[in-house]
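Work through the exercises below with the sequence and the model at hand, and try each task before reading its solution.

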Amino acid sequence: NPLSLMIVLPRLKPQPSANLGLDWLEEEPWVKDLPERLCSIFHPQTLHDLYSLRLSLMRKQANGGLGAVDQWNRMLALTSLAGPRGGYLLGPSIHPNMPMLPTRYWRPEVPPNCQLPRKQLVECVRLRSEILTATLNLWERRVLEGVLPKAALLTGGADSTPQIAKNSVSLIVTGPPGLKPYDYCRDNWLDCWFVGLDPESVPVSVHAELDTWQQETTGVFVELYRVLTPGGYCVVDVGRLRPRKIRWDEAVLDCALLAGFEAVSLLVNTDHYGKAILERPWVSRKSVFDEVLVLLKPK
C-alpha cells in the first residue's frame with residue numbers, strides 16, 4: 001500500500017513546531033475537477049480548504065519534492081480525513097456550528113439549506129499533530145534520528161523483497177490478510193484522491209478460497225525465511241483474521257512449516273474473551289481477542 005509510506009516516513013521525523021501556514025489558501029481550486037461524491041459528503045467550505053491544501057502539496061511535489069514539514073502536514077491531513085471519533089473531517093462526532101478559521105481568503109458561499117457539518121481543516125491537523133508529539137521527549141527524538149538513516153521503507157509484494165539481504169533480519173512482525181471481499185479502490189478512494197494516486201494502479205491480492213490463500217501465503221513465508229537470520233523469530237498476528245469459522249492458527253502454521261519454520265508457541269491474550277477462545281471454532285464473529293503465532297528459523 002503506497003499510502004503506508006506517506007504515513008510512516010513522516011512519523012520517523014516528527015515536526016512538533018510545524019504548521020500549515022497560509023500559502024495553501026492562495027490556491028483557487030476548480031470546482032469542476034472535484035469528484036461528485038466529495039461534494040455530497042463534505043461541507044463546501046471544508047472541501048474548498050481540503051482541495052486547496054491538496055493542490056498546494058501536489059504543486060510542491062511536482063516542482064522539487066516535499067520537505068519534511070510538507071510531508072508531516074500531508075500525513076496529518078491524510079490521517080484526518082475520516083475516522084470513528086471526533087477530530088476528523090469526516091466522522092460521526094461533528095459539530096455543524098463550529099466557526100471557520102478567519103482569513104482574508106475567499107471561500108465559497110454556503111447554501112442556506114446545507115445540512116453537511118462544517119469542519120476546520122487547520123484545527124483537525126493541529127489537534128492530530130499535538131496528539132502525535134505530546135509525549136515526544138528528547139531521548140525519543142535522538143532514537144528516531146538514528147533510525148531514519150538506517151530504515152528501508154519498501155512497498156511491493158511480500159513474496160519478493162530483493163532489497164533485503166539474506167539472513168539479515170532478526171525479528172519479523174507481520175499479519176496476513178484474511179478471506180474477505182476486499183476492494184482497495186472502494187476502501188481507499190478518498191485517501192488516494194487526496195495524494196493524487198490512482199487506486200487502480202495498486203495491485204492487491206484478493207482471495208475467496210483458502211487453497212489459493214495458502215499458496216500465496218506459503219510463498220510469503222518462504223521469502224520471510226530467506227531474510228530471517230538463523231535463530232530469529234517471526235511473530236504472526238492471527239487474532240483478527242476473518243472469517244472466524246476457519247482455524248487460522250492451523251492454516252498459518254501449515255504455510256510456515258512448509259517454508260521451513262518451527263513452531264514455538266501460540267500466545268493468547270485471555271484478559272478479554274478468554275472463554276470464547278476455548279470454544280473455537282464456534283466463536284462469535286463479533287469476538288475480538290489477541291492471538292499471536294510465534295515461529296522460529298532453526299539454526
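**Exercise 1.** State in which order the four strands form the open sheet, and which strands lie at its edges.

*Solution.* In this predicted model, where local features need pLDDT of at least 70, side-chain atom pairs count only at pLDDT 80 or more, while totals for chains, interfaces and linings use all residues. Residues are numbered from 1 along each chain as its sequence is written, and side-chain values use heavy atoms, with hydrogens and water left out. Strands are DSSP runs of E of at least two residues, helices are runs of H or I of at least four, and both are numbered from the N terminus; two strands pair if DSSP finds at least two bridges between them. The order is β1-β2-β4-β3, with mixed pairing. The edge strands, each pairing on one side only, are β1 (169–174) and β3 (262–268). From one strand to the next, the twist averages 15°.

**Exercise 2.** Describe how β3 pairs with β4.

*Solution.* β3 and β4 (residues 291–296) run in the antiparallel sense, joined over six bridges; within β4, E291 is the bridge partner of V268.

**Exercise 3.** Determine how α4 and α5 are oriented to each other.

*Solution.* Helix α4 (residues 68–78) packs against helix α5 (residues 121–133) at about 105°, their axes being 9 Å apart; axes are lines fitted to C-alpha atoms, for helices over the stretch in contact, and angles run from 0 to 180 degrees between N-to-C directions. Angles of 65 to 115 degrees count as roughly perpendicular, and α4 and α5 are therefore roughly perpendicular to each other. In contact (heavy atoms within 4.5 Å), α4 residues including W72 and L76 meet α5 residues including V125 and L132.

Key. Angles under 35 degrees count as roughly parallel, over 145 as roughly antiparallel, 65 to 115 as roughly perpendicular and the rest as oblique.
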